[in-house]
Amino acid sequence: MRHHKLALCADHFIEWVVQQTQRSIEKYEMFSRDKRILVAVSGGKDSLSLWDILLELGYKADGLYIDLGIENNDYSETSLEKVLQFASAHPEAHLHVVDVKALYGESVPEVASRVRRGKGKPCSVCGLIKRHEMNRVTLEEGYDVLATGHNLDDEVAVLFSNTLHWQTGYLARQAPVLPEASGLARKVKPLCRFYEREVAAYALVKGIDYIHDECPFAVGAKTIYYKTLLNQLEERSPGAKHQFYLNYVDARSHQRIRFAEDGESPPEMHPCPRCGQPTTAPGLCAFCRLWERKE
Ligand code: Q46
Ligand code: ZN
């Protein structure tokens, strides 16, 4: 690991990853030992490694898999298999599976193609559904916190994109911890200080079987292009990604970088009359509006 000027053998590397995760949990005050954690798992290396590390550290961590019903390349089917396989090897943890089509009548690509009239990728609809369902299960099942497997490369790509477009609203909310707000669960990213290849190495050494393919709809995504650019930068100056993200997080937490949004009171929210989740819309929330059929 050039950026840390550190080289470790397999055993010490695993130990290092587990310890560093605990450090991030403490540094950003993510959660304490007595909390119940729900890990959003997709079947990929990041989320399964996160679940593995939290169990390794002795946390009460259960999993949540959302079956999006993406049939291209058997993406959803294969990713569910990987998650079930991991869960069956960890009987101490419980796995919740939410099947979007069974619950709401349409898979993510189906609802996206209906509401978007067949145009474009289903990603914005998919993101909306995932956020809603993650929040719903976390609160309904009485978890204290929702943990996601975002790694440093993911966070840097988002930070870069938000900076490039000066999206201060998004920048203001980019942090390793998003506190609980009325009707919104607390969200944390315990792997945010690890490079993607460090997480991949962890999964490899631990023998975690994960889905290697990205979601077929991720192909050509802007964030993948930004990751390539940032990797070129990292190649020339090792540690650049680490610094870019962590110095930002640090400057934000010490209020050396401020946004107009900081002092503002959050927009007026009210519970959606159908699902109860907070929304700024006058009637139903955006998620519930998805399922209003407009034949
Ligand atoms: S949003 Fe889009 Fe992802 Fe949903 S459809 Fe696939 S690529 S999974 S992070
Ligand atoms: Zn709703």
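Start by selecting Glu110, which is partly exposed at a relative accessible area of 33%. Here buried means under 20% relative accessible area, exposed means over 50%, and partly exposed is in between (1.4 Å probe, protein chains only). To count as a salt bridge, a side-chain nitrogen of Lys or Arg has to be within 4 Å of a carboxyl oxygen of Asp or Glu. Lys101 is partly exposed too, at 40% relative accessibility.

A word on what you have open: this is a predicted model, in which local features need pLDDT of at least 70 and side-chain atom pairs count only at pLDDT 80 or more, while totals for chains, interfaces and linings use all residues. Residues are numbered from 1 along each chain as its sequence is written, chains are lettered from A and ligands numbered from 1 in the order in which they are written, and side-chain values use heavy atoms, with hydrogens and water left out.

Next, go to helix α6 and pick Glu133, Arg136 and Glu140. Helices are DSSP runs (H or I, at least four residues), as are strands (E, at least two), numbered from the N terminus. Glu133 and Arg136 are paired in a salt bridge of 2.7 Å, N to O; because they are three residues apart in helix α6, about one helical turn separates them. Which residue forms a salt bridge with Glu140? Arg136 again, with the closest N and O atoms 3.0 Å apart, and these two are four residues apart in α6, about one turn of the helix. Check the surface as you go: Glu133 is buried at 0% relative accessibility, Arg136 is buried at 18%, and Glu140 is exposed at 54%. For another group, select Lys45, Asp46, Asp154, Glu196 and Lys227, which salt bridges with shared partners join into one network. The structure holds 16 salt bridges.

Now colour by domain: domain 1 is 10–259 and domain 2 is 265–295, with bounds from an automatic or database domain assignment. Their centres, taken over C-alpha atoms, are 25 Å apart. Between them they bury about 1200 Å², 70% of it on carbon and sulfur atoms; buried area is the accessible area (1.4 Å probe) that two parts lose on being put together, summed over both. On the domain 1 side, α4 (100–104), α5 (108–115) and α6 (123–140) each supply at least two residues, and α6 gives the most, with seven. How many salt bridges cross the interface of domain 1 and domain 2? Zero, by the rule used here.

Move on to Asp52, in helix α2 (residues 45–56). Asp52 is buried, at 6% relative accessibility. Show Tyr202 as well: the two side chains make a polar contact of 2.6 Å. A polar contact is a pair of N or O atoms within 3.5 Å; within protein, one must be able to donate a hydrogen and the other to accept it, and residues adjacent in sequence count only if both atoms are side-chain atoms.

Gln255 sits in the loop between α11 (240–253) and α12 (260–263) and has a positive phi of about 60° without being a glycine. Gln255 is exposed, at 51%. Lys5, in the segment before α1 (10–27), has a positive phi near 50°, and is not a glycine either. Lys5 is exposed at 77% relative accessibility.
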